[in-house]
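Colleague: I'm new to this one. Could you walk me through the charged pairs and tell me how you decide what counts?

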Amino acid sequence: MKKSTLLLLLVASLGYFVDTFDLILFVVIGKSSLAEMGYSGQTLDNMRLFLFDVQMVGLLLGGIFFGILGDKKGRLSVLFGSILLYSVCNIINGFINDIYSYTALRFLAGVGLAGELGVGVTIVAETMPQKIRGYGTSILAATGVLGAVVAGLIGDALYWRTAFFVGGGLGILLLLMRIGTFESEMFLNAKADQKHERGNIWKLITNPQSRKIYILSLLVGIPVFFVVTILMQMAPSLATELNIQGEITTGKAVAFIYTGLACGDVLCGVVSQKLKSRKKAIGLFQILSLIISIVYLNLHNQNSTVFYAVCILMGISTGYWIVMITMGAEQFGTNIRATVATTIPNFVRGMAIPISMLYGFLGSLASLSIIQAALITGITCFAIALYANYKLPETFHKDLDYLE
C-alpha cells in the first residue's frame, strides 16, 4: 500500500478520533457545565437532554449538507471543513456563560460532527484495494472510537471549559496534518463524467429500490444507539435499580463501553474479511450484542467490577458500527456514495431521539421498572435491526467503481 494512502488513512482515523471525542464530551461534562450556569435537579436534566437533542438535530442536517457536498465538491473538502467547524465551535464553547450561546454552539458543532465519519469511510473505501478495504475502515473506526474513551476520562478529570479547549485544539492540530493527502481517484473520475449528476439525494427517495436499501441500511444500526443512549448514558440509574455495589459514573461507563467498541470495530472488520461477508459478520455481532445487553440488565446485586466488565463486552459486541457504514457505502455508486455514507451514521445517531422517547414512555408506566423499560426498548431495536440486515444485499465482493 502506498505511503500516501497510509497518510490518508491516518488523517481520516484521527479525524474520527476527534469527532467521537467531541460528540461524547458533552455527554460527560454537560451536567457540570449546566450546574455552573445555575441549573439543578430536574431542570438541569431537562436542559441537558434538550442540548443533546439540539446537537442530534445538527447531526441530522449536517449529514445531509456534508454528504451532498462530499459528492459535489470532493471528499477532502468536507473532511477538513467539518473538522474546522466543530473545532472552532468547541473552543468558543469554553468561553460561554449563557444557555442561548450554548444551544447555538451545540447545534453548529453537531452540524460539523456530521461530516467527518461518512466521508472518512468513503474515501478510505475508495482508495484501498477491495481485498483489504474492510481492514482499512476497521482501523479508522478503532482509532476513532478511542476518542470517546479519552473524552470519558478527560471529561471526568478536567474542568469543563478546559475540556472543550482540548477538544477544539485537537481538531486544529489535525488540520495541520492534511499536507500530502489526496482526493479519491474514483471521485475525480465521477467528477469528470458530465452525464451523471452527483450528490442528488432525491435519487434515494424517488427510486423504490434505492429507497428500500437505504432505509434498511439505517435500521441495521439502531441497536448501537440503544446501547449508547440508554445502557451507557443511563448507567448510574440502571446500576442503582440493579443494586450494583460500588460507584457507577457515566464517564467510566463511556470509557469502558467505547473501549469495547474500539476492539469490536476491529474484530468485526476482521470477521467480515474472514467470512467474506459483511452481512454474516453484522448478524453475528447483533445476536451477541442482544445476549450481552440482556445479561447487563440482569446484573442484580453484582459489584462495580462485574458491571464494568460487562460494559466492555457489550461494547465489543456492538462494534459492528463501521462495518455497517461500510456496507451502506458499498450499496451505492460513486456519484452518491458520500451522501449515503454521511447521512446513514447521522440518521442512526438521530434515532437516539425516538429510542429515548420510547424508553421514557415505558419508564413512566407504573407497571414497569426502568430495567423492564430498557429491556423492552432493546428487544424492539434488535428485532428491527436483525430483520433489516437479513433483507440487505451482500456487498463484500462488490466493485465500487461505478455510477448510479
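**Salt bridges and burial**

Modeller: Let's start with glutamate 330, which counts as buried at 0% relative accessibility. This is a predicted model, where local features need pLDDT of at least 70, side-chain atom pairs count only at pLDDT 80 or more, and totals for chains, interfaces and linings use all residues. Residues are numbered from 1 along each chain as its sequence is written, and side-chain values use heavy atoms, with hydrogens and water left out.

Colleague: Why is glutamate 330 called buried?

Modeller: Buried means under 20% relative accessible area, exposed means over 50%, and partly exposed is in between (1.4 Å probe, protein chains only). Glutamate 330 has 0%, so buried it is.

Colleague: What makes glutamate 330 and arginine 278 a salt bridge?

Modeller: The rule asks for a side-chain nitrogen of Lys or Arg within 4 Å of a carboxyl oxygen of Asp or Glu. Here N to O is 3.3 Å for arginine 349 and aspartate 19, and 2.8 Å for glutamate 330 and arginine 278, so the latter pair qualifies.

Colleague: How many salt bridges does the rule give?

Modeller: Three. Another one joins glutamate 36 and arginine 161, at 3.4 Å from N to O.
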